[in-house]
Amino acid sequence: MPTAPDPTPAESDAVALRERDGRYRLLLESTTTALFTAAVDGSLHPSESWEQFTGQPRSAYTGPDRGGFDMVHPDDRCALEQDWVKAVETRDQFVATYRLRHRSGEYRRVRSHVVPVPASDGSPREWVGAITDIEDELRAREDLDRQGEVTNTITENASSALLLMDPEGQATYVNPAAVEMFGYRLDELRKGPLHDIIHHTRPDGSPYPMVECPIDQAVEQGRPREPYEDVFVRKDGTFVPVRAAASPIQRDGERIGTVVEVQDLTIEHGLRVALEASSRRAQFLAELAGKLDGYVTVHERAQQAVEVLAESFGGEASIHVSLGGKLELCGASGQSPVVSDEEAAAFIGSADTTARTIDGRHGVFLVPILARGRRYGVLAVRTSGQPPGEGCLDDSFLDEIATRLGLALDNAQLYERERTVSRTLQLGLLRGVSARIGDVRLSYAYEPGSETMAVGGDWYDVFRLPDGTVGLVVGDVVGHALEAATEMSLLRGAVRALAVEAGPAELLCRLDAVMSSSPSDVMATLAYAQLDPTTSTVRYACAGHPPPLVMDATGGSRLLWDGRSMPLGSSATTERVDATAELGAGDSLVLYTDGLIERRGESLDVGFGRLGTSVASTGPFDEAFARRLTDRLLDGSTHDDDACVLAARIEAPGGFAHELHAAPAELADLRRELAVWLTSVGISGETANGVVLATSEAAANSVEHAYGSDHNGVTSIHAGIEAGELHVVVRDHGTWRTPNPPGDRGRGRFLMRAIMDEVSFEHDSTGTTVRMRRRLGSGADT
Amino acid sequence: MSTSDSDAEFDIQTQRDRRVITPRCDLDMATAPTFRLHVEAATEPVVIVDFTDVGFIDSAGIHAVDRSITSLSERHQDVRLVVPSDSIADWTFKVAGFDPGFFLPTLDVALGAQQDG
């Protein structure tokens, strides 16, 4: 710096002083850039450090023209000279900061401290000045300031809240984001430990002690706290989800504070919750749909839905559905529905389609269940605790659930309706079958298939034909529910109507015609058997149907494999055939559908084997026989298909049966036994005579005409009474020959017709059957 | 009166010029040929067939009766049928369409009946 303007005589003293006091000098030199001394007038004494800094030759600054000022930046020179003049006048120390030219040519900012060194009389003897290069320091500070500005800009504008805590945990600084985030001003935040102000309570309402606070724990241990998620409390008491981190500030190993950075996660949380909710919703809806699929009826599905809802979201749920024009409670998770029938009806009927609540019913939300554009039902939910909108069950979610419900319930109702119609048809068809027709005892069972969507078209029917035989039919219509049921109804009627005048094979032919004229494209199988109780024979035909089974009195069985042809409705033309089988005393005939014996992945032979085994152990033939057989065969197995069994057994208590071995002499025995039987059943007089005569005639016909000289054949004679009518059937197994002489035959027939109300002759390959019927009056002739 | 040709099934009596044939069996296809044999074998001017004890007659029996009557008539023999009313034979013949006026109620009536021409 400036040269001391007026070098004083005490210069040597000063030098001496300086030289004398080595410590002083050392101290000065260690902390200063340059040292100088100057005379009282301000002229500089030579200074090595000055020269070293400025590069100025000694001659340039030691002169009286104060050449040292040349090194001062021109802009600072004037001010410095004034300070120096003033100091000389006042003899007072001064401090100045100015730019001094370095020998490199660069101006560096320096601070000079110039102190007057008094003489013994107190007058200034010389000046001692210390020049300190403060350029680096100032630059650093400026850098720091600049940095500080940036930092400040960052902190002041950060979305993160920055809070500076002192070692006691009290806030010393917060940025605007923190003010914004928590709603406190700095002075409010300074009223106590920060934890107690913004972190005192957990979201569940329980207190949050400071010792448990991760930030305070970290601070306590002098460690930074890695970012973690927490929930802080705003001034207004609401919670704010945050990600928080803390860094302790240490200086010289001493903890002087903590910076806490807090990031508001409300939006992020909202997004995440929304995403999770959305994913959870999709998952829930899929699960709900899956669960509902497992049920068939509207009520089952509705009940399942409310249980799932109640379980998943807490609270209670109930569903009302409009069934048959009337709103009906179909499911409730609790003891009672969430809303009453009246409330549900009012909601459905309300003109306000946006309403979701009912006045005075807090926590109850209603959603319309829509199906095919109409308000089909109402889902009512009573939430537990948190209101919908806050949790998962908000309006939009409820609407989504209701939409799914609408589909599921509407489908169920459609299906149910169709199924009801088909079942009604089917059951209608199966009703009215009696346990006995004449001497034929019947037992039947029908087991609907367990597979919900597959409705079998199994059916059976039993009817009496005018000739005293009993028609037995078991069928299986393959097709979709309603169509199958319709076809079943058609077939049943056709079988009844056609069987009156057609034997089994002929019946199938005519059914083919019926099927081909039917618009529906279904296939049907059936077994038809014409059971003749008086002859104990069965004439049967199977169209693609499992063979009838004959069970004897000991439980042994055989299958009737003859009389087989293609199913009805099959495209292949097929010749219809039938067959006749004899039934022994105590034999039962069993017709059934394949559902009884078929199992997936099992050959039919196994099924037939099981049928035989089961029949053997089903027990005596009674009304429950078919039921027991069905239970036995279906026991423990899943049966997709319908199964039905129709069993028949000829039992003629009081009936008459006789066998004739084609010898004319035996006719008398027949007549005698027949007369005895007629008497036993209360038939006497002319009626008895007539029956005996007609029967004898028929038997004689057989003996004479059917067998000729072959007397080894057997003619069977059966008689019975049913519904006020006497039936006689005489059957032989010979080949019919043209009778000779014709007169006898004519007279015989004439007699039979004269005596009996109805007489028919039936010839086929297996023999001849004569059937006669006579009404029994209640009067004198019986 | 002598008894001739009787067996278990047919009782045949001859009184002067009258032969009385009494079937004691059912008249059916088994016995009809025998019946006819017995009746057509009669050479007496009057042949009486007593159906009183006949328990049963079938079409074969009717046929035999019919044929034998025709046979005898063709031989100008007088055939008299004893068919008590309400008997099986009476009922059977009526059913078969025989003229009931042809029947005689008792054997005594038949035996006493005057033969026309």
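This is a predicted model: local features need pLDDT of at least 70, side-chain atom pairs count only at pLDDT 80 or more; totals for chains, interfaces and linings use all residues.
**Entry 1: chain A as a whole**

Counting secondary structure next, I found 21 helices and 30 strands in chain A. I then looked up the contacts in chain A between residues at least 6 apart in sequence, and 59% of these join residues at least 24 apart.

**Entry 2: an open sheet in chain A**

I turned to a sheet in chain A that is open and made of five strands, in the order β6-β5-β9-β8-β7, with antiparallel pairing. Which strands form its edges? I found them to be β6 (171–174) and β7 (225–233) of chain A, each of which pairs on one side only. Neighbouring strands of this sheet are turned against each other by 30° on average, with direction ignored.

**Entry 3: strand β5 and its partners**

I followed β5(A) in more detail, and I saw that this strand, residues 161–165, pairs with β9 (residues 254–264) of chain A in the antiparallel sense over five bridges. I wrote down two of the facing positions: A:A161 stands opposite A:V262, and A:M165 stands opposite A:T258. Toward β6(A), I found three bridges, with β5(A) and β6(A) again running antiparallel, and here A:L164 stands opposite A:Y173. The hairpin of β5(A) and β6(A) has five residues between the strands, and in it I noted that A:G169 takes a positive phi near 85°. I also checked burial in this strand: four of the five residues of β5(A) are buried, so the strand is largely enclosed by the rest of the structure.

**Entry 4: helix α18**

I looked next at α18 (residues 625–634) of chain A, whose buried residues are A:F625, A:A626, A:L629, A:T630, A:L633 and A:L634. Why do they lie on the same side of α18(A)? I found that they cover an arc of only 145° around the axis, which puts them on the same side of the helix. Looking for what covers these buried residues, I listed several elements of chain A, including β15 (440–447), α17 (604–616) and β25 (643–650).

**Entry 5: aromatic pairs**

I then counted aromatic pairs over all chains, and the structure holds 13 of them. One that I examined is formed by A:W84 and A:F94, a tilted pair at 5.6 Å centre to centre with 50° between the planes. Because A:W84 lies in helix α5 (residues 74–90) and A:F94 in strand β2 (residues 94–101) of chain A, the pair ties together parts that are ten residues apart in sequence.

In chain B I examined B:F51 and B:F93, an edge-to-face pair at 5.0 Å centre to centre with 85° between the planes. B:F51 lies in the loop between β4 (46–50) and α2 (59–74) of chain B, and B:F93 in helix α3 (residues 88–96) of chain B, so this pair ties together parts that are 42 residues apart in sequence. B:F51 is buried at a relative accessible area of 0%, and B:F93 counts as buried at 0% as well. I also noted that ring pairs link B:F10, B:F35, B:F51, B:F93, B:F98 and B:F103 into a cluster.

**Entry 6: charges over rings**

Last, I looked up charged ends over rings in chain A, where that of A:R225 sits over the ring of A:Y228, 4.5 Å from its centre. I recorded another for A:R749, whose charged end sits over the ring of A:F761, 3.7 Å from its centre.

Notes. Residues are numbered from 1 along each chain as its sequence is written. Chains are lettered from A and ligands numbered from 1 in the order in which they are written. Side-chain values use heavy atoms; hydrogens and water are left out. Two strands pair if DSSP finds at least two bridges between them. Axes are lines fitted to C-alpha atoms, for helices over the stretch in contact, and angles run from 0 to 180 degrees between N-to-C directions. Rings of Phe, Tyr and Trp (its six-membered ring) pair if their centres lie within 6.5 Å; planes under 30 degrees apart count as stacked, over 60 as edge-to-face and the rest as tilted. Buried means under 20% relative accessible area, exposed over 50%, partly exposed in between (1.4 Å probe, protein chains only). A charge sits over a ring if NZ of Lys or CZ of Arg is within 6 Å of the ring centre and within 35 degrees of the ring normal. The arc is that of the directions from the helix axis to the C-beta atoms. Contact means heavy atoms within 4.5 Å.
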